Structures are given as C-alpha cells and as structure tokens.
Amino acid sequence: MVMFRDFLARFRPTGAPGASATGVPADRAAELAAELGPSLAELTQTQEEAAAIRAAAAQEAENMRRMAAQRAEEIVAEARDQAPQVRAEAASAVRRPAEAEAGRLLAAADRAVTDVRRRITERMPALVDRAAAQALPQTEKPGRSR
C-alpha cells in the first residue's frame, strides 16, 4: 500500500520552474501499476470468489427447479389417482339431497293418491246413483202404473 508521503511526492517539483533543460520523464504507468497492483490483485481474487458463488447458486437453483418439477409431477399423479374417489364423493354429496327431495316428493304423491282414493270411495255411490238416474228414463212416477 502506498503511504501518504509517497503519494505527495508525485507533486513535488523536480527542478526549477520553467522549461525543462534536462531530465527523464516520470514513468506514470509504472508508478500506477506499483500503486494499484496489490488492490487490483485483491479485486481479482474477489471477482473469482463472486464467480464461484454465482456458479454454486446457479447449480443450487437448478437443483431446486428439478426437485420442484419432480414434486409437481408427483402431486399431479396423486391428484389423478384420487380423482375418481373425489368425483364419487362429490356426486354422493349432491345425490343425497336429491334422493331426500325425491323421497319427500314420493311421500307427497302417495298422500295425494290416498286422498284421491278416499274421496272416490266417498263420492262414488252418489255419482253412480246420479248417473243411473240420468241414464235410465223415468218410466215410473209415483202414482202411475203401467
């Protein structure tokens, strides 16, 4: 790591002000490489670690996707196996109230039939007498003989 004093040495004048008479220009590239080399080396190592972490994460994500797809297939297979039973239960749940309603309707119809038969039994003799009276001519009237 470059010390602060060395950093300031860059700005120190190397000669008298004015045009340079003689001298070797400073090698800025070498100075920057010496200064930044250790930091960039650490950065390279960090980049390699980050790449390794990304690769491990990608592999783990792929494993998770594969396991999730397999679990989804298992769930679908289970659902297909259970579908007939679920359909039967659903149909039974709908059928029970319908059968109960049908039973109530049959009972009401039986009561209506019984009521109609009772009324027929009560009214039939009177209706037969009335029909017979209308069908047969009244040949005999009281007090008249033939």
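Mentor: Let us begin with burial: in this predicted model, buried residues make up 1% of the 146 residues in the protein.

Trainee: And how many helices and strands are there in the protein?

Mentor: The protein has two helices and zero strands, and helix H2 covers residues 28-135.

Trainee: Which residues form a nonpolar patch on the surface?

Mentor: That patch is formed by Leu-32, Leu-36, Leu-40 and Leu-43, which together have about 350 Å² of accessible area. To take one of them, Leu-43 is placed in helix H2, and with a relative accessibility of 43% Leu-43 counts as partly exposed.

Trainee: Changing topic, how many salt bridges does a search of the whole structure find?

Mentor: The search finds six salt bridges, and we can go through some of them one at a time. Arg-65 forms one with Glu-62, where the closest N and O atoms are 3.2 Å apart.

Trainee: Where do Arg-65 and Glu-62 sit relative to each other in helix H2?

Mentor: They are separated by about one helical turn, because Arg-65 and Glu-62 are three residues apart in helix H2.

Trainee: Is Arg-65 buried or exposed, and what about Glu-62?

Mentor: Arg-65 is exposed, with a relative accessible area of 51%, whereas Glu-62 is partly exposed at 34%. The cut-off matters for Arg-65, because a residue counts as exposed when its relative accessible area is over 50%.

Trainee: OK, next one: which residue does Arg-104 meet in a salt bridge?

Mentor: The side chain of Arg-104 meets that of Glu-101, with a distance of 2.7 Å from N to O. Both residues lie in helix H2, three residues apart, which is about one turn of the helix, and Glu-101 is partly exposed with a relative accessible area of 36%.

Trainee: What does Glu-122 pair with, and how far apart are the closest N and O atoms?

Mentor: Glu-122 forms a salt bridge with Arg-118, and the closest N and O atoms there are 3.1 Å apart. Glu-122 and Arg-118 are four residues apart in helix H2, so about one helical turn separates them. Glu-122 counts as exposed at 52% relative accessibility, while Arg-118 is partly exposed, with a relative accessible area of 43%.

Terms used
Residues numbered from 1 in each chain as written. Predicted model: local features only at pLDDT ≥ 70, side-chain atom pairs only at ≥ 80, totals over all residues. Heavy atoms only, no water. Salt bridge = Lys/Arg side-chain N within 4 Å of Asp/Glu carboxyl O. Buried < 20%, exposed > 50% of the residue type's maximum accessible area, 1.4 Å probe, protein only. Patch = residues over 30% accessible without salt bridge, like charges linked within 9 Å, V, L, I, M, F, W, Y side chains within 5 Å. Areas by Shrake-Rupley, 256 points an atom, 1.4 Å probe, with all protein chains shown as cover.
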